[in-house]
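Please open the model in a viewer and keep the selection panel at hand.

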Amino acid sequence: RKSNQGEYIVTIHSLIQTTILDIIKDRKAEYLNECLKLFFQEIDREKKSFSIHHTDFGRKYFNHIVKIISSKGADGNLYRMIAEKISDIENIMLAKAEYERISQITDTLLTSCTFDTETQLTIQKLSASSLFKQGKYAIARQTYERILSEETETIGLEHSNTLSTNHQIAICYLWQGKYDIAKSILEKNLSKQNDVLGPLHVESLRTLHYIALCHYEKGKYDKALKIYNEVLDKRIQVLGDHHPDTLSTKNNIGVCYDKIGDYKRALEIHEEVLKKRVEVLGPDHPGTNRSRENLRIARNRIRKREEKCTIS
């Protein structure tokens with residue numbers, strides 16, 4: 001590394017690393033594959049102690065995984081192992097908000113190895129998800145639309161994967177402020193999901209949650225609140241009251257109460273959600289921080305209302 005004086009310093013760590021790479025250079029791919037396998041074994045162990053949504057999930061391994069994938073010694077076996085574990089990588093991405101880094105992984109996979117159609121589409125979906133999380137909604141939507149076209153041809157319009165992709169297209173429209181288009185797609189999707197998956201399936205409930213959000217964004221808070229409460233009852237039944245999806249719906253119910261002026265009810269809900277999000281997601285998760293902000297807003301509004309009443 002370069003010191004402040006412009007000198008180059010070799011640390012013990014980097015010296016050991018360079019020595020090891022020199023020793024294994026003839027069997028580099030084999031060792032990289034073995035290292036990656038061990039990292040994924042550790043991640044499997046972490047699942048027993050952490051929620052996969054917690055900010056600490058996969059924290060120790062993500063940078064190593066990226067470095068291994070980016071190594072010149074990587075081979076097809078390694079890329080296929082990554083593809084098999086793509087859901088684990090996505091969970092780490094969501095927990096750590098490493099969206100740009102995940103783009104590096106998907107780009108490397110898609111350009112360095114050939115996969116079967118289903119795996120290829122799964123990787124492309126992760127790439128689109130990464131673009132979406134970076135706020136690149138138009139590009140993400142275009143990617144999802146290409147995936148939807150291929151899925152429609154190969155597995156049909158009513159397959160759960162196709163419905164999931166169509167859902168993501170709607171969410172892209174939603175975050176672009178095109179609420180009517182988003183709601184129309186979501187409502188059509190929900191009808192098919194209820195038939196194919198059932199009204200209590202997590203995907204069906206996710207769609208219903210976002211239909212409520214469309215109403216909220218258009219200022220129809222009472223309508224949104226009614227749907228959110230329906231989703232909450234079903235999510236508690238299916239997922240439990242500590243699941244991140246359940247907490248997301250409960251958070252939005254609190255925000256609706258804030259919008260209609262029931263600040264005391266909003267405060268109670270935000271206090272409950274914050275406590276559970278700290279446990280499930282960790283104290284530094286973006287969702288936890290949003291709960292803190294919502295709680296702060298509710299407290300300020302109650303304080304201002306009390307001050308106004310005192311003045312009157």
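**Domains**

Six residues of domain 1 are in contact with eight residues of domain 2, where contact means heavy atoms within 4.5 Å. To display the two units, select residues 6–134 for domain 1 and 219–311 for domain 2; such bounds come from an automatic or database domain assignment. The centres of domain 1 and domain 2, taken over C-alpha atoms, are separated by 36 Å.

This is a predicted model, in which local features need pLDDT of at least 70 and side-chain atom pairs count only at pLDDT 80 or more, while totals for chains, interfaces and linings use all residues. Residues are numbered from 1 along each chain as its sequence is written, and side-chain values use heavy atoms, with hydrogens and water left out.

**Helices α3 and α6**

Next, select helix α3 (residues 62–70) together with helix α6 (residues 99–112). Helices here are DSSP runs (H or I, at least four residues), numbered from the N terminus. The axes of α3 and α6 come within 10 Å and cross at roughly 30°; axes are lines fitted to C-alpha atoms over the stretch in contact, and angles run from 0 to 180 degrees between N-to-C directions. α3 and α6 are therefore roughly parallel, the term for angles under 35 degrees. Their crossing is left-handed, that is, the near helix is turned anticlockwise from the far one by less than a right angle.

Show side chains for Phe 62, Asn 63, Val 66 and Ile 69 of α3, and for Arg 101, Ile 102, Gln 104, Ile 105 and Thr 108 of α6, which make the contact. By class, these are five nonpolar, three polar and one charged; Ala, Val, Leu, Ile, Met, Phe, Trp, Tyr, Cys and Pro count as nonpolar, Asp, Glu, Lys and Arg as charged, and the others, Gly among them, as polar.

**Helices α10 and α11**

Move to helix α10 (residues 179–196) and helix α11 (residues 202–217), which pack at an angle of about 155° with axes 9 Å apart. That makes α10 roughly antiparallel to α11, a term for angles over 145 degrees. The contact includes Leu 186 and Leu 190 of α10, and Thr 207 and Tyr 210 of α11. It has eight nonpolar, five polar and four charged residues.

**His 167**

Finally, select His 167 in helix α9 (residues 160–175). Is His 167 buried or exposed? At 1% relative accessibility, His 167 counts as buried (under 20% relative accessible area, 1.4 Å probe, protein chains only). Leaving aside neighbours within four places in sequence, His 167 is in contact with Leu 186, Asn 189, Arg 206, Thr 207 and Tyr 210.

How values were computed
Helix = DSSP H or I, 4+ residues; strand = E, 2+ residues; numbered from the N terminus. Parallel < 35°, antiparallel > 145°, perpendicular 65-115°, else oblique. Buried < 20%, exposed > 50% of the residue type's maximum accessible area, 1.4 Å probe, protein only.
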